[in-house]
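Could you walk me through this model in the viewer, one selection at a time? I would like to know what to click on next and what is there.

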Amino acid sequence: MEALFSGLVGIFFAVALYLMMSKRIVRVLLGIAILGNAVNLLLFTAGRLTAAVPPIIPKGAETLADGAANPLPQALILTAIVISFSFFCFLLVLTYRAYQDLGTDDTDEMRVAEPEDQPLPPMGY
């Protein structure tokens, strides 16, 4: 089962990188969302998938039972889901505002919107 999820993580990373190299901002956003899901699945796979024992310390014991799932990757995944969703929402609003102002989602056309006769910023102090 872990080999299947490892292959799925590789496919997610490949699709995410392909989409993030696109010239369209919406595809870049989808690539970032898929990359976040790939990282979450990678952490989930690293925390052992086949454990049949929940990560609960029995009464009177000092440590987890053998074969118990590792609770740390599960907590990291929950945190990563919240962070990646908020980051995606921020980028979605930023993309929408850029589309409203510039009228395009093509990065090459967005670069044309920069003024050409603008002086260079200061190169030193």
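## A tour by selection

Begin by selecting K23 and D108: they form a salt bridge, and their closest N and O atoms are 3.1 Å apart. Keep in mind along the way that this is a predicted model. The pair links distant parts of the chain, 85 residues apart, with K23 in the loop between α1 (2-20) and α2 and D108 in helix α4 (residues 107-112). Colour by accessibility if you like: K23 is partly exposed, with a relative accessible area of 45%, and D108 also counts as partly exposed, at 33%.

Is D105 buried or exposed? At 18% relative accessibility D105 counts as buried, because the cut-off for buried is under 20%. R24, at 37%, counts as partly exposed.

How many salt bridges does the structure hold? There are 3, and the one still to visit is between R97 and D101, where the closest N and O atoms are 3.8 Å apart. Side chains of opposite charge can pair when their charged atoms come close. Here both residues lie in helix α3, 4 residues apart, which is about one turn of the helix. R97 counts as partly exposed at 43% relative accessibility, whereas D101 counts as exposed at 57%.

Stay on α3 for one more stop and select F87, F90 and L94. Together they form a nonpolar patch on the surface, with about 320 Å² of accessible area. L94 is found in helix α3, and its relative accessibility of 47% makes it partly exposed.

Now move to α1, a helix of 19 residues. From its first C-alpha to its last it reaches 27 Å, close to the 27 Å expected at 1.5 Å a residue. Show the side chains of V9, A16 and L19, the buried residues of α1. They cover an arc of only 100 degrees around the axis, which puts them on the same side of α1. Turn the view to the other side of α1 and you will find A3, L4, I11 and Y18, which are exposed. What do the buried residues of α1 pack against? They pack against α2, and that helix is the next stop.

Select residues 25-46 for helix α2. Its 22 residues should span 32 Å at 1.5 Å a residue, and the end C-alpha atoms are 32 Å apart, which agrees. To see its buried residues, pick I25, L29, G31, G36, A38, N40, L41 and T45. Then click on V39, which also lies in helix α2; V39 is partly exposed, with a relative accessible area of 34%.

Terms used: Residues numbered from 1 in each chain as written. Predicted model: local features only at pLDDT ≥ 70, side-chain atom pairs only at ≥ 80, totals over all residues. Heavy atoms only, no water. Helix = DSSP H or I, 4+ residues; strand = E, 2+ residues; numbered from the N terminus. Expected span 1.5 Å × (residues − 1). Buried < 20%, exposed > 50% of the residue type's maximum accessible area, 1.4 Å probe, protein only. Salt bridge = Lys/Arg side-chain N within 4 Å of Asp/Glu carboxyl O. Arc of directions from axis to C-beta. Contact = heavy atoms within 4.5 Å. Patch = residues over 30% accessible without salt bridge, like charges linked within 9 Å, V, L, I, M, F, W, Y side chains within 5 Å. Areas by Shrake-Rupley, 256 points an atom, 1.4 Å probe, with all protein chains shown as cover.
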